[in-house]
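I opened my notebook for a first look at this model. Here is what I looked up, entry by entry.

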Amino acid sequence: MLTYATYSEAGGVGKTTLAASLADEHTRVGRNVLTVDLDPQYGSLTHLLGVDAPRDDGDADNLARHLIDRPKGDFNELILETDFGFDVVPSHNMMERLGDLLTRAEQMAADLDEDFDPTDQLRRALLEAGVPSEYDTIIIDPPATAGPHLYNAVNATRSLVIPIEPTGKGMQSIYGLEELVDGLEGTISNGDEQVEIGVLAGVPNGIGRTSDQQEYLEEIRNRGYPAPVAIRTRESLFQGCWKEQCTPRYYVEHHRGRKRDHEMETLEKLEQLAAEITEVGER
């Protein structure tokens, strides 16, 4: 089974677009894919995929309720189909208060002398719902900030795909990859189990014509992480996806009047990236 979270410490590096793109590419080769949107912001995976979810309905069952073990229904009823062949667990406005809700749930569990790990609730919910037996690929998209959303995403997947901003700041994030992984391993827990987190790929995203993409790729590889592709700046393509609320491949196939070589090259790189992630993740 292949599970990973798309994560970057910096916002605006195409994390969510990358998650949707990879879900699409995995689906095209016959994998059964579930995506989980842990980002409470409106510019999230749920919005990008054009899913009609009851985000503002406080009475509706939602992912946050399941993470604090106060569901209103079956977890599987949260799963929605998308137009792209894969499924999604959508975000909900209640996810904005997830930290406070988990703290209260942890305190209540302590009062009742029960175990409750606030960083391990997504993994618990997925396992209890039998989700791993229904899907062979799970991709989780947390927000670009440290906190309970990220820790639950990492605990549930134990693997990261990291888009990297091709700037001086981005290079600093490459230098800090080991520290990032070590910090997450030290934060999340699973009882007495030593949690190990793998990096399936570092992905320089938004490389300009004047940038040396090999510099980024080699720097990531020198640190022992896979870096199969670098993706050039494709503002028109990716902005079109968000406007039409679809994946990049769907946008090219359904909203472009003609195929453009540079966009087809980007789709080929995304296809290659998905294949490399699968190979590394299932070794």
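**Entry 1: a leucine in a helix**

I began with L217, which I found in helix 10, residues 213-222. A reminder to myself: this is a predicted model. Is L217 buried or exposed? L217 is buried, because its relative accessible area is 4%, and the cut-off for buried is under 20%. Next I asked which residues L217 touches, not counting those up to four places away in sequence. I noted P204, A227, V229 and A230. I also checked L217 against F238: the two are 21 residues apart in sequence and 22 Å apart in space, C-alpha to C-alpha.

I then traced the strands and found an open sheet of eight, in the order 3-4-2-5-1-6-7-8, with mixed pairing. Its edge strands are strand 3 (80-81) and strand 8 (231-232), and each of these pairs on one side only.

For T6, I wrote down V161 as the bridge partner in strand 6. Helix 7 (residues 148-157) packs on the sheet and touches strand 1, strand 5 (137-141) and strand 6. The direction of helix 7 makes about 160 degrees with that of strand 1.

**Entry 2: the cores**

Which residues have the most contacts inside the largest nonpolar core? They are L63 and I140, in a core of 52 residues. I followed I140 and, leaving aside neighbours within four places in sequence, listed contacts that include Y4, A5, T6, V36 and L38. A153, A156 and T157 are also among the contacts of I140.

**Entry 3: the pocket and helix 1**

My last stop was the largest pocket, with a volume of about 580 Å³. I noted 29 lining residues, of which G12, V13, G14, K15 and T17 lie nearest the centre of the pocket. Helix 1 (15-28), strand 7 (198-207), strand 8 and helix 11 (235-244) each give two or more residues to the lining. The largest share, five residues, comes from helix 1.

While in helix 1, I looked up S21. S21 is buried, with a relative accessible area of 2%. Leaving aside neighbours within four places in sequence, I found S21 in contact with P248 and L270.

Conventions: Residues numbered from 1 in each chain as written. Predicted model: local features only at pLDDT ≥ 70, side-chain atom pairs only at ≥ 80, totals over all residues. Heavy atoms only, no water. Pairing = 2+ DSSP bridges. Helix = DSSP H or I, 4+ residues; strand = E, 2+ residues; numbered from the N terminus. Contact = heavy atoms within 4.5 Å. Axes fitted to C-alpha atoms, helices over the stretch in contact; angles between N-to-C directions. Core = buried A, V, L, I, M, F, W, Y, C linked by side-chain atoms within 4.5 Å. Buried < 20%, exposed > 50% of the residue type's maximum accessible area, 1.4 Å probe, protein only. 1 Å grid on protein atoms, 1.4 Å probe; cavity = no way out; pocket = protein on both sides within 12 Å on 5 of 7 lines; lining within 4 Å. Points joined across faces, edges and corners; volume = space filled by probe spheres on them.
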